[in-house]
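This report describes a predicted model.

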Amino acid sequence: MLMRPMPPRLVITAGPTHEPIDAVRYLGNRSSGRVGVSLADAGDARGWQTTLLLGPGELKPSRPGVNLVRFRTCDDLRALLHTHVPEADVLIMAAAVADYRPKPLAALSGGKFRRTSEKLMLELEPTPDLIAERSALREPGQYFVGFALEPREEMIASGLKKLERKRLDLVVANPLESMGADQIEAVALSKSGERIDTPGRISKPDFARWLLDVIEARAPRLGMAESADRKDPRS
């Protein structure tokens with residue numbers, strides 16, 4: 001009896017983190033999670049085993065086959081990555097994880113601080129570099145994709161630095177105006193030196209399908225890299 005090959009296992013992170021200041025306030029950002037949610041729907045539509053680790057927000061996948069797991073803070077996401085990434089074939093880190101978080105204040109622990117006429121000083125500490133941590137622990141054949149959200153004039157240089165510094169296979173460089181927008185114009189930069197541009201500004205669902213084409217043609221475990229009749233995502 002022939003065994004069917006296992007479908008690709010895809011893990012996606014999406015949305016912002018909320019780093020608590022007190023019981024009701026937090027440090028966050030404007031990420032909507034739309035790109036990651038679109039990627040999850042596109043992955044499930046291909047028959048891939050798709051897990052979406054999704055931060056705070058109202059958006060969620062439309063396809064019931066997506067395994068949706070919620071997180072709130074950087075530490076929450078760190079624990080989920082430890083659980084889900086070791087068995088994944090592809091990791092796409094589309095989440096906008098806060099680079100800094102408020103350092104815990106004993107006076108604010110477990111409660112809400114009251115407004116006064118006095119200044120309140122918050123000390124920020126760096127959060128762990130989650131994708132660099134996972135890259136250092138990756139299994140053979142895993143394919144890791146990161147994002148570089150930067151001013152348009154800086155995004156290529158920043159993306160190339162991130163590609164090397166965090167030991168990624170692919171970095172998607174996109175301009176700041178992509179955050180919260182319905183459309184995106186991006187450039188995928190690979191460790192082999194390729195530059196693959198989106199066909200101008202496209203919707204985020206179209207972008208998700210485009211990016212999965214790029215990944216499918218290159219990720220070793222997906223078995224497509226050497227296929228002579230694969231679809232060229234640049235066409």
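## Helix H4 and the sheet

The buried residues of helix H4 are covered by elements that include S9, S10 and S12. Those buried residues are Met-155, Gly-159, Lys-162 and Leu-163. Viewed down the axis of H4, they fall within an arc of 105°, so they line one face of the helix. An α-helix has 3.6 residues a turn, so residues three or four places apart point the same way. The face of H4 turned away from the buried side carries Lys-161, Glu-164 and Arg-165, which are exposed. Just after H4, Arg-167 adopts a positive phi of about 55°.

The sheet itself is open and consists of eight strands in the order S5-S4-S1-S6-S9-S10-S12-S13, with mixed pairing. Strands S5 (67-70) and S13 (195-197) stand at the edges with a single partner strand each, so one side of each has no neighbour in the sheet. From one strand to the next, the twist averages 15°.

Within this sheet, S1 (residues 9-14) and S4 (residues 49-54) run parallel and are joined by six bridges. Ile-12 stands opposite Leu-52 in S4.

| Helix | Strands touched | Angle between directions |
|---|---|---|
| H1 (residues 34-45) | S1, S4, S6 (90-93), S9 (143-150) | about 165° with S4 |

Note on methods. Residues numbered from 1 in each chain as written. Predicted model: local features only at pLDDT ≥ 70, side-chain atom pairs only at ≥ 80, totals over all residues. Heavy atoms only, no water. Pairing = 2+ DSSP bridges. Helix = DSSP H or I, 4+ residues; strand = E, 2+ residues; numbered from the N terminus. Axes fitted to C-alpha atoms, helices over the stretch in contact; angles between N-to-C directions. Contact = heavy atoms within 4.5 Å. Buried < 20%, exposed > 50% of the residue type's maximum accessible area, 1.4 Å probe, protein only. Arc of directions from axis to C-beta.
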